[in-house]
Amino acid sequence: MSRIIAIANQKGGVGKTTTAVNTAASLAGKGQKVLLVDCDPQGNASSGLGVRLEPGAPSFYSFLVGNSSPAPIRHPLAPSLDLALLPAHPELSAAEWEIVSVDRAEHLLGRRLASISDDYDYVLLDCPPSLGLLTINALTAAHSLLIPLQCEYYAMEGLTLLLDTFHRIKLRFNPDLRIEGVVLTMFDRRNNLAHQVANEIRKHFRFRMFRTFIPRNVRLSESPSFGLPALLYDAGCPGAKAYLELADEILNEGGH
Ligand SMILES: Nc1ncnc2c1ncn2[C@@H]1O[C@H](COP(=O)(O)OP(=O)(O)O)[C@@H](O)[C@H]1O
Ligand SMILES: [Mg+2]
């Protein structure tokens, strides 16, 4: 059975897409069959993997709202990695409006994914920076929620809001949803505030906090412009190594 992990945080720029792309590549690098689903109309996960769609091309949007059979578009990237992508482009922003009137709209993605997810060991959902219907769909379809968190002053407030949403979705739509864990991103060891925030979270967060910290690493921000995950851009860089460690933690403790 596949394991579906939603990567979400309503705040933009905290490292969701970087985490989604690089964790997907790392899991694939460890021999897993992985599908990365770009649930964000901004399409950053798609462009970060070198995929730019023409308007109207089959995509996550047609997968979600189309009446056609929900076969995904698969873009095998590097032949060495068993990594497929369901890409997005901006017309997906209309989907949020189009699906509100659908019966049990929160369950749409879950229903669509049911027909394909068993082809994969892991399905990662890269969520948009909001708690709107697309993110609610991702959390309703997922087995678990992985939360990338940047160590900054308001991190705890943001986390509390996200956990409220988690509990509400668990109560109403997806009783089995659990927390995969919090991963600290863009971590700077020399920054005292980063350590303080990390300690705060460790004190108050009663779910798993990954041991792996993702360091601030320029290779991670460069690799999308080459359409590559860091693992294929510069396998030895600290960012690529950190995401491999994160993948190990997911594999070892994910109850897969
Ligand atoms: N660990 C990191 N080190 C350096 N830059 C990073 C790191 N993680 C993310 N970034 C950069 O920060 C920006 C926001 O990251 P992104 O993953 O797109 O966040 P989100 O999907 O949450 O909006 C991007 O430009 C990305 O390249
Ligand atoms: Mg993003």
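Trainee: How many nonpolar, polar and charged residues does the shell around ligand 1 have?

Mentor: Sorting by class, Ala, Val, Leu, Ile, Met, Phe, Trp, Tyr, Cys and Pro count as nonpolar, Asp, Glu, Lys and Arg as charged, and the others, Gly among them, as polar. Here the shell has five nonpolar, seven polar and two charged residues. This is a predicted model, where local features need pLDDT of at least 70, side-chain atom pairs count only at pLDDT 80 or more, and totals for chains, interfaces and linings use all residues. Residues are numbered from 1 along each chain as its sequence is written, chains are lettered from A and ligands numbered from 1 in the order in which they are written, and side-chain values use heavy atoms, with hydrogens and water left out.

Trainee: Which residues are the closest to ligand 1?

Mentor: A residue is near a molecule if one of its heavy atoms lies within 4 Å of it. Of the 14 residues around ligand 1, the closest are Gly13, Lys16, Thr18, Pro215 and Asn217.

Trainee: Which helix gives the most to that shell?

Mentor: Helices are DSSP runs (H or I, at least four residues), numbered from the N terminus. That would be α1, with three residues.

Trainee: What lies 2.9 Å or 2.6 Å from an oxygen atom of ligand 1?

Mentor: Look for polar contacts, pairs of N or O atoms within 3.5 Å; within protein, one must be able to donate a hydrogen and the other to accept it, and residues adjacent in sequence count only if both atoms are side-chain atoms. A polar side-chain atom of Lys16 lies at 2.9 Å from a ligand oxygen, a polar backbone atom of Thr17 at 2.9 Å, and a side-chain N or O atom of Thr18 at 2.6 Å.

Definitions and conventions. Helix = DSSP H or I, 4+ residues; strand = E, 2+ residues; numbered from the N terminus.
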